[in-house]
Amino acid sequence: MAGNSPLERKLEREKAARKEAEKLLDNKSRELYESNQHLEMALRHLKKQTLSDLKKFEFEELIDRTLIQFGRSFLSHQLDEAQIRTFLTTLSSAEVIASTYLRLDVDVLPDLPVCEYGIKPFVENLGQHLEDSKETVFWLEDVLHIPINIDSEFVGELLFKISLGEIKREFVVSQMELVAELFCSAISRQKMITATIEARKRAESSEKSIKEFVAMINHELRTPLNGLLGSAELLSGTQLSPQQGNYLTNLKSSGDLLRAIINDLLDFSKMSADMMELIPSKFGWTQLESMLTGIFSIKAAEQQIEFNIEKESAIPTHFIGDFERVSQVLVNIVGNAIKFTEKGSVDLSFAWEMTVLKCQVKDTGIGIPKDAQPNLFNPFVQADRSSNRHHEGTGLGLAICKQLIDLMHGSISFDSEPGSGTTFYLSIPLIVSEDDEELELVGPSDTKDIDQLSILVVDDIRMNQIIINQMLQKLDIRPDISNNGVEAIEAVENNSYDIIFMDCRMPEMDGFEATEMLRKKGYETPIIALTAATTLSERERCVECGMNDILTKPYTGQDLQEMLRKWS
């Protein structure tokens, strides 16, 4: 039988196996090709994704650096044109940002010379859409618009021409909103700084105006008061009928009341303007005690009440402090005690503890109503301790006393029972003077008799000239009179004077300038300021220009005589 031999069958099996192997190889090759295609696609996608992430990372990193750099810059420097332009230029260095544009309302930062920055042409084609939607974040084609809002108010806009590439819009918006937020903070800070500077300037201007007003009103009120009280004093030295004497008494009483009211109002103005100051000097205990006795012993006798001053412990003979202000406090407290005591007594007791002068002012008057006690030291409060008001006053006295005591770092308090009297407790810190000798008036050693003095009075107000001239004539002195500093210098060049009384405020040349010129010329004669000034700065100005002493208006004939004795 011609059948397949074993060899043929073997060959057929090998052939079939080869075909099967070729088929398997072909399938495997096709699978490998498809795998390669998938791998290449995956690699291309990965490469594309990596490039996108890299650009995103680079953009984010630049924004972070910009925020840090300009966050510091905006905090340490005033926002100006150069800083804004550098800020926008730095942002434009990002590959994503092709162009930038900033617009601010003109009145947002008035110090900026311009209100538009960056490249403007790419904005113009936004047209009406920009106007209608300016207060919202929006895209128009490749332009991103971000509003600038300060305190919920639209004040400008930032626009960026964006080249997105593979970066998503949402990411770009989130980054640029951080930029806009930083810029808004910078504008807010700058506006706050500008507002603070303007407020400080207004406050300084207001403070200066207040101080100038206080100084002016001080002069304008005290000057005519000098004429009023001076005329009353001169009139008292003439022969008067009983009726004229009564008129004069009324005039002097009204003048003294007016002086007290003016002093209270001016002191309160100083308190309000933070101008209340202490002027320390050396004074003696006997000076303080004599002053209180001289003022109040007669008043107490007129009201038929007792007035006593006692020392509970040893008291130093001399102190350093503001004698005028210490006296003002005590006179006010004791004056009130006598005013509201109809029978009984007003008793003062003093004691010295370490560095503090302790004083109690006890009266047997009608006391202070309970409802008035909590506000007694407040301005314009009058504790009317009678059924209907019989006593004049501004209601400022105790408020000023409290202010002065606080200024001295002391204390003031009181106990009062309506119908049973009042006790005030005062603690006044003072420096003990090491010199225990009696106070001497300091002046030139070669003294003259007062009536032999040659005096020049420099004052532009006719009434003041008359008053001081008449007061000096009572001392047998015939002074020369000059109307201003120019005339005073001319008078000094042509005459010899022992003392010059120099008004400070005058036309053409004031007393300060005239004194400075005289001192520069080598003139050494004592020059006494005639002034209504009561502030430390004004008194210091008198000393700085070369004046030797100050005679404060309104002054009395006794004040004038003591000044002459001091410097003769």
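# Questions on the structure

Student: At 62% relative accessibility, does E141 count as buried or exposed?
Tutor: The model is a predicted one. A residue is exposed when its relative accessible area is over 50%. E141 has 62%, so it counts as exposed.

Student: Which loop holds E141?
Tutor: E141 has a phi near 60°, a positive value in a residue other than glycine. Most residues other than glycine have a negative phi. The place of E141 is in the loop between strand 3 (138-140) and strand 4 (143-150).

Student: What is the relative accessibility of D151?
Tutor: D151 is also not a glycine, and its phi is positive, about 55°. D151 is found in the loop between strand 4 and strand 5 (153-162). It counts as exposed, because its relative accessibility is 75%.

Student: How many helices and strands does the protein have?
Tutor: The chain has 568 residues, of which 41% are buried. Among contacts with a separation of 6 or more, 68% are between residues 24 or more positions apart. The secondary structure comes to 14 helices and 18 strands.

Student: In the open sheet of three strands, which are the edge strands?
Tutor: The order of this sheet is 6-8-13, with antiparallel pairing. An edge strand pairs on one side only, and that holds for strand 6 (281-284) and strand 13 (431-432).

Student: What is the bridge partner of S281 in strand 8?
Tutor: Strand 6 and strand 8 (residues 318-321) run antiparallel and are joined by four bridges. In strand 8, S281 has as its bridge partner G321.

Student: What angle does the direction of helix 7 make with that of strand 6?
Tutor: Helix 7 (residues 285-302) packs on the sheet, where it touches strand 6 and strand 8. Its direction and that of strand 6 make an angle of about 70°.

Student: Which element gives the largest share of the largest nonpolar core?
Tutor: This core has 46 residues, and those with the most contacts inside it are I333, V346, F350, V361 and F424. Elements that give two or more residues to it include helix 6 (242-272), helix 8 (323-339), strand 9 (345-353) and strand 12 (421-429). The largest share is eight residues, and it comes from helix 8.

Student: How many residues are in the second, separate core?
Tutor: In the largest core, F424 is one of the residues with the most contacts. Leaving aside neighbours within four places in sequence, F424 is in contact with residues including I333, V361, L376 and F414. The second core is separate, includes F59, F74, L102 and L182, and has 40 residues.

Student: Which elements do the buried residues of helix 9 pack against?
Tutor: The buried residues in helix 9 are G397, L398, A399, I400, C401, L404 and I405. Helix 9 is followed by H409, whose phi is positive, near 65°. The buried residues of the helix pack against helix 6, helix 8, strand 11 and strand 12.

Student: In the open sheet of five strands, what is the average twist from one strand to the next?
Tutor: The strands of this sheet have the order 15-14-16-17-18, and their pairing is parallel. Strand 15 (480-482) and strand 18 (549-552) are the edge strands. From one strand to the next, the twist averages 20°.

Student: What is the bridge partner of L530 in strand 18?
Tutor: Strand 17 (residues 527-531) runs parallel to strand 18, and four bridges join them. In strand 18, the partner of L530 is L551.

Student: What angle does the direction of helix 14 make with that of strand 18?
Tutor: Helix 14 packs on the sheet and touches strand 14, strand 16, strand 17 and strand 18. Its direction makes an angle with that of strand 18 of about 170°.

Student: Within what arc do the buried residues of helix 14 fall?
Tutor: The buried residues of helix 14 (residues 557-567) are G557, L560, Q561, M563, L564 and W567. They line one face of the helix, because, seen down its axis, they fall within an arc of 160°.

Student: What is the omega of the peptide bond from K553 to P554?
Tutor: P554 is in the loop between strand 18 and helix 14. Most peptide bonds are trans. The bond from K553 to P554 is cis, with omega near -5°.

Student: At 1% relative accessibility, is N464 buried or exposed?
Tutor: N464 lies in helix 10 (residues 462-473). Not counting residues up to four places away in sequence, it touches T223, N226, G227, D459, K553 and Y555. Buried means under 20% relative accessible area. N464 has 1%, so it counts as buried.

Note on methods: Residues are numbered from 1 along each chain as its sequence is written. This is a predicted model: local features need pLDDT of at least 70, side-chain atom pairs count only at pLDDT 80 or more; totals for chains, interfaces and linings use all residues. Side-chain values use heavy atoms; hydrogens and water are left out. Two strands pair if DSSP finds at least two bridges between them. Contact means heavy atoms within 4.5 Å. Axes are lines fitted to C-alpha atoms, for helices over the stretch in contact, and angles run from 0 to 180 degrees between N-to-C directions. A nonpolar core is a set of buried Ala, Val, Leu, Ile, Met, Phe, Trp, Tyr and Cys residues joined through side-chain atoms within 4.5 Å. Buried means under 20% relative accessible area, exposed over 50%, partly exposed in between (1.4 Å probe, protein chains only). The arc is that of the directions from the helix axis to the C-beta atoms.
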